[in-house]
Amino acid sequence: MALPRTHQASFTPGEIEFIAGDEKIMIIPKVKMPKMKFISGDIGPFQPPLPIEVNIWLSLILKKNNKCSIICPDWLTVENLKERHEEEEKEKEFSILPFHYMELAQMLLETAEDDIPNAEQIRTILKDLRETRQAKSRMGVKILDDTWLGMNNLSIMEINDIRPFFSRAYHEMSKLNHAETTTREEDTQQSTQDY
């Protein structure tokens, strides 16, 4: 699929989800398995009911095959997400969330909904949180200049969403600033030559 030129410098959501798959999560194996060897290193052995940390991609495969239960991350609880949403509405800065929170939440809610307490409520809070954060990032346009943009604690998906617009805006503002500087310098040179 050909992407518009403005989005070619950005990642696709699938690529971002793939990258997020390397994040770690705790699982409780349901079956005993020996150590698994991967290019990135060994994982295991798996001894039920002892928790073990694995990559998200592996946890999702094991979950789909009914070989583990996923331990819900601390940040993916109703209480924590409500606190983050309240912070978003009150504070100027973005609240601190995992860099891949959107992709991780999507993957976990899609595959391991039964391991996530209050999954439907969490979906609703995540939707509200995302809308609040999007509105806040749009407010960043008002303070945009051609030297820098300070928005801390954005996730990769949020950065990816605004990248095409901000890249074009920065480029245009730089051209305008350069033209203004050149005009001022020419005016200054002209006025000194007149004397």
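These are my notebook entries on one chain, taken from a predicted model.

**Entry 1: the whole chain**

I started with the elements and found six helices and five strands. Reading along the sequence, I wrote down the pattern α-β-β-β-β-α-β-α-α-α-α. I then looked up burial, and 35% of the 195 residues count as buried. For the surface, I noted that the chain exposes about 12,700 Å². Carbon and sulfur atoms supply 55% of that area. Last, I looked at contacts between residues at least 6 apart in sequence, and 67% of these join residues at least 24 apart.

**Entry 2: a patch on the surface**

Which residues form a nonpolar patch on the surface? I found Phe 11, Phe 18 and Ile 19 there. Together they have about 330 Å² of accessible area. Is Phe 18 buried or exposed? Its relative accessible area is 70%, and exposed means over 50%, so Phe 18 is exposed.

**Entry 3: helix 5**

I checked the length of helix 5, residues 119–139. At 1.5 Å a residue, its 21 residues should span 30 Å.

Next I asked which residues of helix 5 are buried. My list reads Ala 119, Ile 122, Ile 125, Leu 126, Leu 129, Thr 132, Arg 133, Lys 136 and Ser 137. They cover an arc of only 140 degrees around the axis, and therefore lie on the same side of helix 5. I noted the general rule beside this: an α-helix has 3.6 residues a turn, so residues three or four places apart point the same way. On the other side of helix 5, I found Lys 127 and Arg 138 exposed. The buried list also holds an Arg and a Lys, namely Arg 133 and Lys 136.

**Entry 4: Pro 98**

Where is Pro 98 found? I located Pro 98 in the loop between helix 3 (78–90) and helix 4 (101–111). Its relative accessible area is 24%; buried would need under 20% and exposed over 50%, so Pro 98 counts as partly exposed.

I then looked for what Pro 98 touches, leaving aside its neighbours within four places in sequence. Pro 98 is in contact with Trp 75 and Ser 155. I also looked up Glu 23, which is 75 residues from Pro 98 in sequence. In space, the two are 10.0 Å apart, C-alpha to C-alpha.

Key. Residues are numbered from 1 along each chain as its sequence is written. This is a predicted model: local features need pLDDT of at least 70, side-chain atom pairs count only at pLDDT 80 or more; totals for chains, interfaces and linings use all residues. Side-chain values use heavy atoms; hydrogens and water are left out. Patches are made of residues with over 30% relative accessible area and no salt bridge: like charges are joined within 9 Å, nonpolar side chains (Val, Leu, Ile, Met, Phe, Trp, Tyr) within 5 Å. Accessible areas come from the Shrake-Rupley method with a 1.4 Å probe; for residues, only the protein chains shown count as cover. A salt bridge is a side-chain nitrogen of Lys or Arg within 4 Å of a carboxyl oxygen of Asp or Glu. Buried means under 20% relative accessible area, exposed over 50%, partly exposed in between (1.4 Å probe, protein chains only). Helices (H or I, at least four residues) and strands (E, at least two) are DSSP runs, numbered from the N terminus. The expected span of a helix is 1.5 Å times one less than its number of residues. The arc is that of the directions from the helix axis to the C-beta atoms. Contact means heavy atoms within 4.5 Å.
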